[in-house]
Amino acid sequence: AFVLKSGTKIKGSYGSGFKAPTLYQLYAPATDWGPIGSENLQPEESKGWDVGIEQFLFKNRLNFGITYFSNDFENLILYDWALGFTNVASAETGGVEVFMAAFPHKSLHFRLNYTYTNSEDKTTGEELLRRPNHKANASVNFRFLKKANAYLDIIHVGKRFDVLPFPTVVEADPYTLVNLALAYEISGNIEIFGRIINLFDVDYEEALGYGTAGLSGYLGIRLNY
């Protein structure tokens, strides 16, 4: 990556990956719903690249950018209700991510992200399961009283294809989650925090057939040494 005098940043990357199947993916016993583990699973391999541009304005108080990405997979590991964990011989994903970040004040930070992803099982020509075409996120961080931070996070996941506990491909509903968090620094290395997850108690499933928590709250203390 390099930055021009105009505040324009041009970036790109290329990489490869390798992921061996876990013991659970290999040996988990079957249930009444169907198989899970498969001893025939092959390691997943991938190659990917991306290229993008960012622009910084107003002394870096505003920046926005766009990135195009592409990934190719061999033996992609996926879970199928009818087959358990299985390999997709060849698959690809690609798309565009855009973002905007703003720092109107030293104590206030906004960020917006949107990602469009297109995916394909090259063997069947169908979209990959559980890969939404559209995903967006908006977040706000506000620092006050010098030692306190408040966070608001909104996550939207669009429609995507999935399977029910039998070999029927269906379209899973989109969902939007709102999360809140508050942290206060008592001293240099002690912080108390609280979080509210799924503020509006949305009924949703990341993967069909697997339940997710409704409105949830957490309190804690963080020690840093």
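Reader: What percentage of the 225 residues of the protein chain count as buried?

Author: This is a predicted model, in which local features need pLDDT of at least 70 and side-chain atom pairs count only at pLDDT 80 or more, while totals for chains, interfaces and linings use all residues. Residues are numbered from 1 along each chain as its sequence is written, and side-chain values use heavy atoms, with hydrogens and water left out. Buried means under 20% relative accessible area, exposed over 50%, and partly exposed in between (1.4 Å probe, protein chains only). Of the 225 residues of the protein chain, the buried share is 31%.

Reader: Which pattern does the protein chain follow along the sequence?

Author: Helices (H or I, at least four residues) and strands (E, at least two) are DSSP runs, numbered from the N terminus. The protein chain holds one helix and 13 strands. Read along the sequence, they give β-β-α-β-β-β-β-β-β-β-β-β-β-β.

Reader: What is the bridge partner of arginine 143 in β8?

Author: Strand β7 (residues 134-144) and strand β8 (residues 148-157) run antiparallel and are joined by 10 bridges. In β8, arginine 143 has as its bridge partner asparagine 149.

Reader: Is asparagine 198 buried or exposed?

Author: Asparagine 198 sits in the loop between β12 (190-197) and β13. Its phi is positive, about 60°, although asparagine 198 is not a glycine. Because its relative accessibility is 1%, asparagine 198 counts as buried.

Reader: And asparagine 75, why does it count as partly exposed?

Author: Asparagine 75 lies in strand β4 (residues 62-80). Asparagine 75 has a positive phi of about 60° and is not a glycine. It counts as partly exposed because its relative accessibility is 24%.

Reader: How many Å apart are the mean positions of the positive and negative charges of the protein chain?

Author: Lys and Arg count as positive and Asp and Glu as negative, with His and the chain ends not counted. The place of a charge is taken as NZ of Lys, CZ of Arg, CG of Asp or CD of Glu. For the 20 positive and 25 negative charges of the protein chain, the mean positions are apart by 18 Å.

How values were computed:
Two strands pair if DSSP finds at least two bridges between them.
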